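Let's take a walk through this one, starting with a helix and ending at the ligand.

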Amino acid sequence: MRMILVGPPGAGKGTQAARLVERYSITHISSGDMLRAAAKEGTALGVQAGGFMKLGKLVPDEVVIGMILERIKKPDCAKGFMLDGFPRTRPQAEALDAAMVAAGVALDAVVLIEVPDPLLEERAVGRRSDPVTGAIYHLKYNPPPAEIVDRLVHRPDDTAEAVNTRVQKYHSETSPIIPFYLDKGILKRVDGVGDPDAITQRIIAVLETGP
Ligand code: AMP
């Protein structure tokens with residue numbers, strides 16, 4: 001299975017991706033995680049990306065496209081992959097399409113997790129992640145166990161200001177990829193409001209039984 005998760009910041013892509021890759025035994029590729037790791041390591045790519053990320057802006061296409069196209073060539077992607085956070089612009093979607101055609105493989109599904117804008121800021125600002133296990137929590141909606149609270153990380157771009165910029169970028173830059181995949185007949189829309197388990201079930205239902 002080769003698939004993409006699309007949705008605004010705070011839609012729950014990371015949480016759902018972690019569950020789905022386990023179910024389908026595919027490799028999880030999060031462009032945001034890769035860029036954050038590069039920024040932390042201080043690689044040239046990471047330093048370049050870090051400035052954009054902190055402000056909630058998109059990292060330039062040429063940087064992200066090269067990184068992801070290299071990543072999906074690795075052997076662990078042969079059995080399938082889930083892209084989380086990529087593509088985020090129409091040129092990224094077109095570059096991915098061209099690379100997949102050249103490799104003789106096709107995307108099976110693009111899952112669009114829909115969450116209304118007014119819910120996104122609170123979801124992202126309350127988000128915390130555990131650097132040890134990779135688990136994602138929310139201070140109000142999915143509170144972490146007390147013993148790990150001190151080690152949790154709050155992303156620098158999960159401030160109200162950066163989230164609002166990211167939501168605007170989602171509408172201006174990312175939504176144009178929706179008609180691209182709609183035309184290909186592989187777009188599956190899922191209501192992203194509610195309990196995370198219920199949303200996982202909705203995604204599985206559209207993947208396994210159609211829209
Ligand atoms: P995420 O973890 O998916 O929310 O991504 C965090 C940040 O990384 C975004 O706000 C962007 O600055 C950058 N980023 C991640 N994926 C992409 C992408 N496909 N294109 C451009 N920038 C990206």
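**A helix and its neighbours**

The buried residues of helix H9 are in contact (heavy atoms within 4.5 Å) with strand S1 (2–6), helix H1 (13–24), strand S4 (109–114) and strand S7 (187–191). Helices here are DSSP runs of H or I with at least four residues, strands are E runs of at least two, and both are numbered from the N terminus. Keep in mind that this is a predicted model, where local features need pLDDT of at least 70 and side-chain atom pairs 80 or more, while totals for chains, interfaces and linings use all residues. Residues are numbered from 1 along each chain as its sequence is written, and side-chain values use heavy atoms, leaving out hydrogens and water.

Which residues of H9 are buried? They are Ile-199, Thr-200, Ile-203, Ile-204, Val-206 and Leu-207, where buried means under 20% relative accessible area and exposed over 50%, with partly exposed in between (1.4 Å probe, protein chains only). They cover an arc of only 165 degrees around the axis, so they sit on the same side of H9; the arc is taken from the directions from the helix axis to the C-beta atoms. On the other side of H9, Gln-201 and Thr-209 are exposed.

A side-chain N or O atom of Ser-31 is 2.7 Å from a ligand nitrogen, and a backbone N or O atom of Lys-57 lies 2.6 Å from a ligand oxygen.

Notes:
Polar contact = N/O pair within 3.5 Å; in protein donor to acceptor, adjacent residues only side chain to side chain.
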